[in-house]
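Subject: Structure handover

Hello,

Please read them with the model open.

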Amino acid sequence: MTQIAAQRYTGSSVKRSEDLRILAGAGRYVDDVKLPGMLHAAFLRSPLAHGRVLAVDASAARALPGIVAVLTGTDLDDMTVRGPDPLLAMIGGGGPTAEYSLLATDTVRLVGDPVAVVIAESRYLAEDGCELVEVDYEDLPPVVSAAAALDVGSPPVFANLGNNIIGPHKRSEFGDVAGVFAAADRIAEFHLDVHRHQNVPMEGRGCVASYDADSGILTMYAATQGVHITRMGVAACLGIDPARVRVLAGDIGGSFGLKIGASREELAVAAASRALGRPVKWIEDRSENLTVSGQAREESFDVRAAVSDSGDLLGLDVSMVIDTGAYPVMGTMVPSIIEAMLPGPYRLAALGFESTAVVTNKASYVAYRGPWASETFVRERVIDLIAKDLGLDPFEIRLRNVAPRTSPPAMMITGRPLTGVTTRESLERLAQLVDVPAFRHRQAAERARGRYLGIGVATFIEAAPGPRAPEGSGGPLGQESMRLRLAEDGIVLLFTGQMPHGQGHQTTLAQIAADEFGVPFEQVRVVVGDSEAVPFGFTGGSRSATMTGGVTLHGARQLKAKVLDVAALLLEASALDLEITDGQVVVRGDPDTAIPVAEVARQAASGRFGADVDANLEVEATFDGGEGGWSGGSHCAIVEVDVETGLVKVERYVAAEDCGALINPAVVEGQIRGGIAQGIGAVLLERSAYDRDGNYQSATFMDYLLPTACDIPRIEIEHLETVPLDADVNFRGVGEGGMIVAPPTVVSAIEDALAPFGVRIYEQHLPPARILELIAQQA
Amino acid sequence: MKLPEFEYQVPATVAEAIGLLAQHQDEASLLAGGQSLIPLLAMRLARPAVLIDINGLDDLSGVSVTDGRVTIGALTREYMAEESETVAETVPLLAAALPLIGHEAIRSRGTLGGSLAHADPAAELPAVARALDAEFVVRSESGERVIPAAEWFEGYLTTSRRPEEILVEVRFPVAEPGTGVAFQEVARRHGDFAMVGLAASLTLADGTITDARLAFSGVADVPVRAVEAESLLRGQQPSAELFAEAASRAAGQLDPPADLHGSSDYRKKVAAALVRRGLQAAADNAHERQ
Amino acid sequence: MIDITVTVNGAPRSSAVEARRTLADFLRDDLDLTGTHVGCEHGVCGACTVIVDGRPVRSCLMLAVQAAGHEVTTIEGLSPDGVLGPLPQAMRDSHSFQCGFCTPGFVMQATAFLGAHPDAGEQAIREALSGNICRCTGYQSIIDGVVLAAERGRADVGSDG
């Protein structure tokens, strides 16, 4: 177990300090920012999926009262530096890079591609201005599917690439693929599709850029998962020193991977502010958010599985195609993560993996909560389909294939150790929570009455943050930093690069610091969202529980040691005899000696100590994740399918999960439920649909359907005992797991419900009409 | 998604409103609840030169019963009709449909007349009006016209209201004794527009169906009466087999459109299922209401 | 431009607005009441829900000029002086929210609903909230918060329920 001192707060559902402002209506989101002289931007966007821009005439727009400026793609090209997307720049990727201008100059590559930005006294006027900009387009044939893009003769989306294959085909092998397949009792083959869907946070993208000519500083009020990545991106685009960019972020209305770095629109707005010398605000509306902000998950897989007659999954050979849309951001990096994760917690002996990435005239592929999630979908679907072929129970086949928890830990064939993975335990616990034999009885009885219930299971692991990285390989992403300071008012300040957008870091990190340092929870303040105050860091990849929880724990200890050294001088005692309880430094066993930590801080700042005393009550700590670890779990869904209408009701959903030690159970459970809801939404409701001409069809909330309170049942969550890996830090992330494993869980349940019809499911999106089609196909 | 400019007029009387319509004709849109019109304005799909806000015309709101007919003012808010005991007693099919319209906040502002004049074929009220042969009373400078439901709905978002006319009230027949109703929908989510919806009403006397009304939403560009199925049902005793036959007849008449949410074939299958279920529910409701 | 006076959170507030300005934009930009959020501008997500004359209303589907002479309550009005009112407090106690963007709409919808149906049970509450979209929570914690508020409300009134 963790060694946290006192543990008064850690492990308990402490009420969030954020809620005091959020529930009073006093949250500060980027659209709440108002600056004197602020202007508003709206983007003129392409109505075509693919076209040449022949001419842009903004004269009528510029003449409209209230319009301050219209900047075309060419205007912006002249005032910025062309470069890759900031996220792409940070995590690299290799492979050919598409070349394009900030806003479209000669080519538009998706419906909604920004062609010009209109800056006006109000958003209303800016939209009026957009209607007056005249653009001559020449239609070009759009490339709207991966299949079309794979044809090297298809019209190239990017002239400099020559064709639309941005991630050329490559193959890796792990283990003796040929041997394992040759020796297997049977080979099963499947084609699996995951459909395009998207993040859809309730707050879209947006920013206020404010350039101050006197200081040469560009201040960016942003909604971002990391202020420094945004800062680097803005600086690079504007061609200025990163020290001349300050990024501020307040409350953020969700992101799920969307708001990282800076989008083309945000960079254009920054450039516009500099050109005009006035603050410029851009807040994307819902139609922009759905059409162009980015989409995810459009991947297809050809899978061969080498299987024994008793249900051992011996090997997988997988070939995937990923549709990265236009303006590649990070889609080309997803296949390698999928490759690494495909074996999951199973004893897979061989893996062959190949991938190809294409660009198309659709929205860019962006990170969406568990970007590699398809590896779990593929693996869990394959296991289920094999189980059906062999007449095995879904729990039974998984338990058979789970790698045993050994010491040293079993290795995934792709190279990572399955340290502390509790898949077996989660499956067994899940089976206890869901009385499967009782369900099977009920299922049979209901089938006799013409009602179709089904049960589905799936299991997953996620690297949250994953096992300890080999020495020195982490880079800036391999650690989290924190600056901790005891202020003169007794407040313990934590400066972190974490950028909460629902995760409650201002509460959870304060819990850890309060316990470790010895002050009441209310005496800790977590400072986020100012690139001049916080060290590098970002929120994403389910890293913060371990990385930032850990740096908080260790940093608080270091700060406490400094404070006790100074307090020892004040109390004329040995630091070893001192402790901090409830914000008071006290000599152990002698309560009359208590002095508040604020007093220690004031004395330290007073200058009374000589140079031989370190009276600067501030530390800078870093933490690389310690032993790290996997999170994971097993989920089960019970559904009812109305076979006359295709409507599916999720009747019951149970998750047995293991994320190590919980900092704040309510926060953990909120993350899990939210992820599961997105997974249920993906299967039953959400699809980013395009027609043959590349017109986007899910551009309002009447067509892109999000799950509501009537679609998500009460989700039951069981937390497993952790397998402690580290002496101190055993919190692991849970941000992405729900969204990773819920889709195969629900698909599996639907397939089970439709078993009497002989239905097998090889896709993830099952709206009512599709369910009736699947049934009819078997008839 | 900000609204475009328009000239804004707020008539103080129905006569003033009519005068504005006479003056501006189809350059003007009437703003009632705004729950359908304002989204269209926000998306800049609707571009009226003049917006005539009639929310102040209290004369056009209210429920009254005379001579076997229920008259509902066009500006009656959906939530008020939902809470009206008179509506529940006299037009139970309308009472069954109202709670399915969107969500509570939509019904706070949305009006009966607004929904019926907007005439979205996937909406609930047009199907109810069609099922019950409601009458639409419109007024212009030339006087009043009464338009039966069968002639009111002309096409997608199109009614036979002339540009200079305003809908002032809608009249429904008072339900006969022995009537049971059901309004059922297959929608992607609770509160959404239906992919297919069914307004069903059965009147029973001595165990025999004396009147049957079936009207679909979502299967064409207007609400559709299933007249062949209705004539099959009249004079018969309710039974599962009868309802199945009616379902088959009703669905067989349909040629529904396809869209993102369902194919034509899907809608036909769902329509049939709704008829079976709706008729059973209406029959059950007839027993409950006795 | 049209001069309007609207009673907002009990106080008369005046401004000159274009007819096309929505109530949501009026509250946020003219009155600096940024607690009300704009999530879709076509009436589906519910983040903009406020209470007008006691009824929940989508403020993105109402013109500011239509609110003239009427009473509007926003989320700020429920917690004057920054002290959380009973429903927001129950939601805090239940960890109802995460990113907070959908929050104002849920709080106002729940306030209006419980005001009219103080004895509502969980299923009725779930349905009443089904017109508000949350992307973070999966809804259970929000429903729990409203159920808790209802229980506390009944206990305060001394109801037998």
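To begin with one side chain, B:Phe153 is buried, at a relative accessible area of 8% (buried is under 20% relative accessible area, exposed over 50%, partly exposed in between, with a 1.4 Å probe and protein chains only). B:Phe136 also counts as buried, at 0% relative accessibility.

Before the rest, some conventions. This is a predicted model, in which local features need pLDDT of at least 70 and side-chain atom pairs count only at pLDDT 80 or more, while totals for chains, interfaces and linings use all residues. Residues are numbered from 1 along each chain as its sequence is written, chains are lettered from A and ligands numbered from 1 in the order in which they are written, and side-chain values use heavy atoms, with hydrogens and water left out.

Aromatic rings

Rings of Phe, Tyr and Trp (its six-membered ring) pair if their centres lie within 6.5 Å; planes under 30 degrees apart are stacked, over 60 edge-to-face, and the rest tilted. Over all chains this rule gives 13 aromatic pairs. One of them is edge-to-face, between A:Tyr29 and C:Phe101, at 5.3 Å centre to centre and 80° between the planes. This pair crosses between chains: A:Tyr29 is in the loop between helix H1 (18–22) and strand S1 (39–45) of chain A, and C:Phe101 is in the loop between helix H3 (86–93) and helix H4 (103–116) of chain C. (Helices, H or I with at least four residues, and strands, E with at least two, are DSSP runs numbered from the N terminus.) A:Tyr29 is buried at 3% relative accessibility, and C:Phe101 is buried at 7%.

The rings of B:Phe136 and B:Phe153 have centres 5.8 Å apart and planes at 85°, so this pair is edge-to-face. B:Phe136 lies in strand S6 (residues 135–140) and B:Phe153 in strand S8 (residues 153–155) of chain B, so the pair ties together parts 17 residues apart in sequence. In chain A, ring pairs link A:Tyr100, A:Phe158 and A:Tyr327 into a cluster.

The charged end of C:Arg55 sits over the ring of B:Tyr79, 3.8 Å from its centre (the rule asks for NZ of Lys or CZ of Arg within 6 Å of the ring centre and within 35 degrees of the ring normal). A:Arg483 lies over the face of A:Phe495, 4.0 Å from the ring centre.

Chain B with chain C

Here 30 residues of chain B are in contact with 27 residues of chain C (contact means heavy atoms within 4.5 Å). The two chains bury about 2300 Å² between them, 56% of it on carbon and sulfur atoms; buried area is the accessible area (1.4 Å probe) that two parts lose on being put together, summed over both. B:Tyr8, B:Glu104 and B:Arg109 supply 23% of the area that chain B buries against chain C, more than any other three residues. Three salt bridges are found across this interface (a side-chain nitrogen of Lys or Arg within 4 Å of a carboxyl oxygen of Asp or Glu). C:Glu41 and B:Lys2 meet in a salt bridge at 2.8 Å, N to O.

Chain C with chain A

This contact takes 47 residues from chain C and 55 residues from chain A. Chain C and chain A bury about 4300 Å² between them, 56% of it on carbon and sulfur atoms. In chain C, C:Arg92, C:His95 and C:Arg135 lose the most area to chain A, together 22% of what that side buries. The count of salt bridges between these chains is eight. C:Asp144 and A:Arg714 form a salt bridge at 2.9 Å, N to O.

Regards
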